[in-house]
Amino acid sequence: MTKTRFSVPPLGIDVFDAPLEGLVLGEAEFTSDEEALGFVPPPECVAEVTDDARFTGRRLVETSRHELVAWLAEYGIRLKASR
């Protein structure tokens with residue numbers, strides 16, 4: 001698994017290459033609770049996966065594209081099955 005990370009404070013944005021191509025994850029970091037509570041995700045953010053262990057780095061390394069497509073479908077996100 002490879003990805004490219006972009007820094008768009010307060011977000012780190014990971015854009016994944018094959019076989020997870022099409023998956024883009026954003027991770028926000030804050031210096032205070034107030035900052036976190038005041039954060040409004042950009043409209044391009046379509047699902048909150050913070051508490052979904054399937055989207056952790058270790059799990060993604062072991063994930064097939066077929067599994068990813070199924071997981072994203074649970075969030076109403078359609079991704080092509082193969083690329």
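Colleague: In what order do the elements of the protein run from the N terminus on?

Modeller: Helices (H or I, at least four residues) and strands (E, at least two) are DSSP runs, numbered from the N terminus. Here the order is β-β-β-α-α-α, so you get three helices and three strands. Keep in mind that this is a predicted model, where local features need pLDDT of at least 70, side-chain atom pairs count only at pLDDT 80 or more, and totals for chains, interfaces and linings use all residues. Residues are numbered from 1 along each chain as its sequence is written, and side-chain values use heavy atoms, with hydrogens and water left out.

Colleague: OK, is D14 buried or exposed?

Modeller: Buried means under 20% relative accessible area, exposed over 50%, and partly exposed in between (1.4 Å probe, protein chains only). D14 lies in strand β2, residues 11-16, and counts as buried because its relative accessibility is 6%. Across the protein, buried residues make up 23% of the 83 residues.

Colleague: Which residues does D14 touch, leaving aside those up to four places away in sequence?

Modeller: Contact means heavy atoms within 4.5 Å. On that count D14 touches K3, T4, R5, L23, V24 and L25.

Colleague: And what about F6: how accessible is that one?

Modeller: F6 sits in strand β1, residues 3-8. Its relative accessibility is 44%, so F6 counts as partly exposed.

Colleague: How far does the C-alpha trace of the protein span along its principal axes?

Modeller: About 40 × 25 × 20 Å.
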